[in-house]
Amino acid sequence: MKTVATKRADIEKNLKSKNGRKVLEAAAYCVLGFVLSSCYVLEIASPFSISVISVSKKNNFVYAAAGSAFGYLVFCNDSFARYAVAVLITALGTLALSLSQPKRQALYPMLLSFMALASTGAVANLRAGEPPAAYMQVFAESLLGMGGAFFFFRALGCDFRRLRLKALSISDLTCLVVSASIVLMGLSRFTVAGFSPARMLAVFAVLLTAHYGADRLGLILALVLGFSLGIESGSTVFLAGAYAFSAMLASLFCSVSVWGAAVSFFLGTALFCAASGSAAGLFIAVESAAGAFLFAVIPPSAAKKIEEFFHDGADIAPDGSLRQSLVVKLRFASSAMNNISESVNEVREKINEVNAKNAEKMRSELTEQEYISREIINEKTNEIRMLASDQFFSIADMLSDLAREFDEAEYFDNVAAGRIRRLLGEYEIYPRNISVIEDKFGRMRVEIMTAGRDNTASRPEIQKQISKICGRYFEKCRVAHFREDSMITFTERPNYSFEIGFAQHSAEGKLCGDTIKTVNDGRGRSILIISDGMGRGGRAALDGAMGAGLLSKLLCAGFGFDSALKVVNSALLVKSNEESLATIDCACVDLFTGRVDLYKAGAPATFILKNGRVEKCELTSMPAGILRGIEFAKRTAVLSSGSIIVMVSDGITEAGGEWLPAMLKCFEGRTPQEIADSVLNEALKAVKGKKEDDMSVIAARLNTL
């Protein structure tokens, strides 16, 4: 016989399984459809159940439709036929959208909800011979259903894997609050002896947010909840003003005590209930008292955790002036470098004019050998001046990249940085600098600079504590060593991971002319690089290693692809007197979104295997090291979980790349390493008995974490 602990463990295991999650999700949609069908606006319209069906993901629209239909049968006897048809139309429309697989956006469910409610309402009014005012009510209900679809769509699309709601953007948080308020509106119809637990929960939530979060958030929540719960019935419309006024009173007494906030909120609500003269006023006053009492008796241990959860960095010192000052200085320095480069170019052109005139005058005085030597010297000197100008341009671009990076940071969390410094002090670690940075996409990273090669701050137990302080899950830290310092970077854990495999073949000796680099830039991006040096053997290997090595270091340092390529190009141009070039192929994958940016400088096509189809991404460009002003050819694609990207050097495609797409279609179930090995082996078979070139393959699969 199983013990209670064993049974609990079995239940948790089933819930965590894939089938268990599907059952729970289906049940949630069914219950949500049922609850929202009871959600009447001013007791004349019930549109929000239709909204839920239209935004249901995968096959859950079936369960949402079933719950909605049953709910309309229970709560809307008079209008059941009309709403049942609206449910059917919405379910069929959602099925059509899921089969056609358009780009997922809020517009489609919004239009579907509007059309289902408007068409059925208009037909029902037409058959009943209703006056024009009834058509206006149908139009208003359709707009409410359309708005509900928007808020539900955005709420379901939020990333709930963050540790705190503060990590969500303001727009996502607003949509979550409005969606939750609509659900509470539906739940408020379910009463116990006339009392609504949903309204009591609303009072508790408002007081909790106002006291432990921020006054403005408490007022916003009070307005949203008061409006949504108030429009349910004509007798409760006063709730919008009652909750807002009471929340304002509570925020004034929050500094006194929790009892002061609770009592002031109850008194404010009771005043509105008495003034309304409504029969529901007594019940609402009692519900307000119950919610306020629950808030006041929260245990101190729970209160501390709630306060940590709601902490939003309100006491962070303003960083705008410092950051903007730094951005302005970097941009000014970038502009100055551009001016210097232009000046060097102007001087070079004038010197060339003077040299040309002098050469013409002295042509008769010089022998043929002297004249040729002089021209060679002038040409070499001119090349040096051009490269100097290019270097100034490259420095200008790098400074501009740094300015953009600082400008895109949402803020520097000085409070979290101070807490991390105190934490490290407990371990007797005293870093030189700590930066906690959140970018414009809401992604956070922590940068800790230590003296010498001190990596103590990278210990797992310290990382766990830093995650708690920042309220985010972090990946395993990345350590970079400089001359006298070390930089330890904790990056927020992304939504995806990359599984990478690669294979190489050297056509001449042990040195392969291709170089493969796979790096993570510490900002949630994985970068794959293949650099193919000209020719074969040691010299090609040197060019390839130089191109890939320089590029990867510059990208990890935070510079952009274009400015990094200019530096690589200049380095290859000045490497030797002989011709020296390398093709560069890069794929930069954002592990938060799945977006991949392809950058090519003379590189062959890249292949993307997604949903059983192979897409060939081919771009025309010049290799680095052959001419000045080389630029990447660029293309963007979006990967989904399970998508595979395959990058190859020209040794593979020269073997006859027409077989590659057909071969890749059969590889969806294989590991990236197996794919890379198979592609290389097939290419070697294709060139058997022919002149070989160096060959390289990178295969990578995007997986959900």
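Reader: What share of the contacts in the protein chain with a separation of 6 or more comes from residues 24 or more positions apart?

Author: That share is 70%, where a contact means heavy atoms within 4.5 Å. Bear in mind that this is a predicted model: local features need pLDDT of at least 70, side-chain atom pairs count only at pLDDT 80 or more, and totals for chains, interfaces and linings use all residues. Residues are numbered from 1 along each chain as its sequence is written, and side-chain values use heavy atoms, leaving out hydrogens and water.

Reader: Why is Ser649 called buried?

Author: Buried means under 20% relative accessible area, exposed is over 50%, and partly exposed is in between (1.4 Å probe, protein chains only). Ser649 has 2% relative accessibility, so it counts as buried. In the chain as a whole, 46% of the 705 residues are buried.

Reader: Where does Ser649 sit, and what does it touch?

Author: Ser649 is in the loop between strand S14 (644–648) and helix H21 (650–653); helices (H or I, at least four residues) and strands (E, at least two) are DSSP runs, numbered from the N terminus. Leaving aside residues up to four places away in sequence, Ser649 touches Asp514, Ile530, Asp532, Pro604, Asp694, Met695 and Ser696. A polar atom of the Ser649 side chain also lies 2.9 Å from the backbone nitrogen of Ser696.

Reader: What makes the buried residues of H18 line one face?

Author: In H18 (residues 460–470), the buried set is Ile462, Gln463, Ile466, Ser467, Ile469 and Cys470. Seen down the axis, they fall within an arc of 160°, so they line one face of the helix; the arc is that of the directions from the helix axis to the C-beta atoms. Over on the other side, Pro460, Lys464 and Lys468 are exposed. The cover on the buried residues includes helix H17 (414–426), strands S2 (433–439) and S3 (444–451), and S5. Just past H18, Gly471 has a positive phi of about 75°.

Reader: Why do S4 and S5 count as paired?

Author: Two strands pair if DSSP finds at least two bridges between them. S4 (residues 478–481) and S5 (residues 485–491) have four, in the antiparallel sense, so by that rule they pair. Val479 has Ile488 as its bridge partner in S5, and a hairpin of three residues joins S4 to S5.

Methods:
A polar contact is a pair of N or O atoms within 3.5 Å; within protein, one must be able to donate a hydrogen and the other to accept it, and residues adjacent in sequence count only if both atoms are side-chain atoms.
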